[in-house]
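Q: I would like a close look at a single part of this model, followed by some of the other sites for context. Please give the cut-offs of the terms as you go.

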Amino acid sequence: MIKKILKIVLVLIVLVLIGIWFFIQNNKPTYNGKLQLNDLKDEVTVYYDDIGVPHIYAQNQADAYIALGYAHAQDRLWQMELVRRISAGRLSEIFGKDMIKTDKFFLGLGIENAAKKAIQKLDTTTQAYKLTQAYLKGINQFIENGTTPVEFRLIGIEKEKYTIKDIYNVFGYMSFGFAQAHKTDPLLTNLKDKLGDAYLYDLGIDINPKSTLIHIHNPKSKNNIASSLTASVNDLLINSPVPPFVGSNSWVVGAKKTKNKKVIFANDPHIMFAQPAVWYQSHIVTPDFEIYGFNLALTPFPLLGHNRNYAYGLTMFENDDIDFYEENDKQSYKIRKETIKVKDGDDINFEIRVGKHGPIMNDFIDIIDSDKAIAMDWIYTKIENKMLEASYKMSHANSLSEFKKGAATIYAPGLNVMYGDAKDNIAWFASAKLYTRTNNANPKFILDGSNGEDDKLNFLDFSKNPQAINPPWNYVYSANNQPDSIAGVMYPGYYLPEDRAKRVVDLLKPKNDFTKEDMELMINDVQSSVVPDLIPIVIENLTKVNLTSFEKEAIEILRNWNGDYKSDKIAPTIYTKFLYLFVENTFADEMGEEGFQQFLETHLYKRQIAKQIKLRKSIWWDDITTKNIKENRDEIFTKSFHQTVAALENQFGNDIKRWTWDKAITVTHKHAFDKVASLKSFFNVGPFVTNGSNEVLNNQIFSINNSGVYEVKGGPSTRRIVDFSDVENSIAIIPTGQSGNVFSKHYKDQAQKYLNGEFVKMMLNKEEIQKSKDKLVLEPIKK
């Protein structure tokens, strides 16, 4: 009897395993075989290379973009679903009540409303529009005939076809993703009202013109409102299932500075990590067109790309394109009615007031003092969006001048667009709709919306934007730092400190024989050019009394450190812990705990670090919680250092050799199901140990904190190097894998290589491509 039961159980187990195997096989992307698609004129051949990149060979571009849409959807449909829903305020439909605040916020911004207006003005006769529709046809045919991603099944939602409005919503989320204005302007308003001008003066709100700038070369009581607004936006972004854009590096080295006398292009946009990875790689070849591109979900034309003739990429400009206004009681408004559908809950209906400065944020975000209406004036919703046209023109350019015309049509988000070509041209364009003010209003604060004086703007022609075309120093670069003066002034923005920019210049300036291998080392570089200058200031100004043996040993480790953030180093662990305690002991007493945590989520605190360490006199040094005592810089340094060593000894033990950086820093690429305990290990990729830190070239973005454990939230979303002396062997890497389908062999096959600083070839050679094991033939349906 027992044997019979065991046999039955064994048979059931085998049947279950067979069922699981069939389920997995049936839900994998189709990389081999033949498929028939509507609307194709001719047969299309798609070769999938060793990392899952589709190389699409078609007889015309319309067929190629149908094939791209199909290929993109079968690897990334779940990602497409998330990104189309966030700007449209539709996450609550699939995730329930936890996403209501996020949906309300994005509906309030008016991204979808702006998309509808832009689409009404589209010229449907253009090639950009026609190819976009072809791309959508490919996506929608996969929705009709392809497998349903497992995520759809787990949360019980039906697939819906996509429209051009969904594509525009992606551009809107990309534009908002930077979001530093929402974090910074209200915080500064709060600090100004609470503490006064003297405290803001030492914060260095205006960029120091002596810091490393991108040089231009063109040869032709509002406290409660502010505090709660900042906190609300921080909370929304932290809990968003779609990663925002945050920064980036790029440099293009001219032919005169390379060993082989041809341009070398490098780019690594910084975006918050998620799984699947942000970029989808593809290679399109037709008789009249070729591009190897990196596409965002639901975008037909790549924002990063290259072919044999030119390469382009981007970083975030970080310019200020959002203003906040406090409106008066007599303001008149239009009313916009919105509805949020909630999974397992009732619909939520609400109204948003829209005035001359934009939507009233009180109506869609938690603001404590509701008597004061705060409006948001955003370039993206204020001016017609042309990102679709811009991305088409940049990916289809036949010359530098044509490419520049595409870059000129980017209004928001502000982007540093980088360019290099086989004819030895290099260029950088700060692409955004820039403006000057007719009065002296400071846009870093909430402005007065009552009299019209603060909102008088003069928009600049693109020719006035920062740019450099074939500069005599033979390289261009961007690291999200402040560009040189624009229209005679330092243009306001939320720029990052000079750390990465200084490292780029330090490495590029003295050398004139760069190779692709040099670029590989540089793009993975983890050494700070700024920290080694700060460490001696800290050490020399510590109070050298009653130091323990651990403290003396820690000082020597810091003294001998070159700013290298490799995983086996001890100094990064000590310095990063000290940095948090130093910043906390300097600012938290005046800002309060909530304000201090908000401060740490801005670029402002990063810019302040080096300046504050160098300031012998500052109003911030005094600890206002200690009566009848006025602290100075040396006392803050000393207190912070004592606390650092004590905390690390408690955390890692009394053997200082074990305080290595790999024990403090970790990275996980999180899926939208990360908060579901039973699913997170299946869908997440990681955790891993990594090299790097904040504001080194291999920028590992994390929040400094008191725990001494730093969870990396973002970093290079791809690393790309295009060498025009050997363009067919250009290289790239992404953080996890090409596919977002958890059953695909390409779900995470690049993860370890990425961590190791390795690359894979971006294949252009047809003979090599045709040797790929995976070949999918798409045939037109015969009628």
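A: H357 is in the loop between strands β12 (348-355) and β13 (358-359). Helices (H or I, at least four residues) and strands (E, at least two) are DSSP runs, numbered from the N terminus. The model is predicted: local features need pLDDT of at least 70, side-chain atom pairs count only at pLDDT 80 or more, and totals for chains, interfaces and linings use all residues. Residues are numbered from 1 along each chain as its sequence is written, and side-chain values use heavy atoms, with hydrogens and water left out.

H357 has a relative accessibility of 2% and therefore counts as buried (under 20% relative accessible area; exposed is over 50%, partly exposed in between, with a 1.4 Å probe and protein chains only). Its side chain is joined to that of E327 by a polar contact of 2.7 Å. A polar contact is a pair of N or O atoms within 3.5 Å; within protein, one must be able to donate a hydrogen and the other to accept it, and residues adjacent in sequence count only if both atoms are side-chain atoms. Not counting residues up to four places away in sequence, H357 touches Y325, E327, A375, M376, D377, G449 and D455, where contact means heavy atoms within 4.5 Å.

E151, in helix α7 (residues 150-155), is also a buried residue, with a relative accessible area of 2%. The side chains of E151 and H671 make a polar contact of 2.9 Å. Leaving aside neighbours within four places in sequence, E151 is in contact with W78, H671, F673, F683 and G740. Q133 is 18 residues from E151 along the chain, and their C-alpha atoms are separated by 26 Å.

For nonpolar packing, the largest nonpolar core has 231 residues, of which W251, Y575 and F599 touch the most other members. Such a core is a set of buried Ala, Val, Leu, Ile, Met, Phe, Trp, Tyr and Cys residues joined through side-chain atoms within 4.5 Å. F599 touches L187, L203, V583, F587, M591, L604 and Y605, again not counting residues up to four places away in sequence. Another core, of five residues, lies apart from the largest one and includes Y47, Y57, V285 and M763. In soluble globular proteins, nonpolar side chains tend to be buried together.
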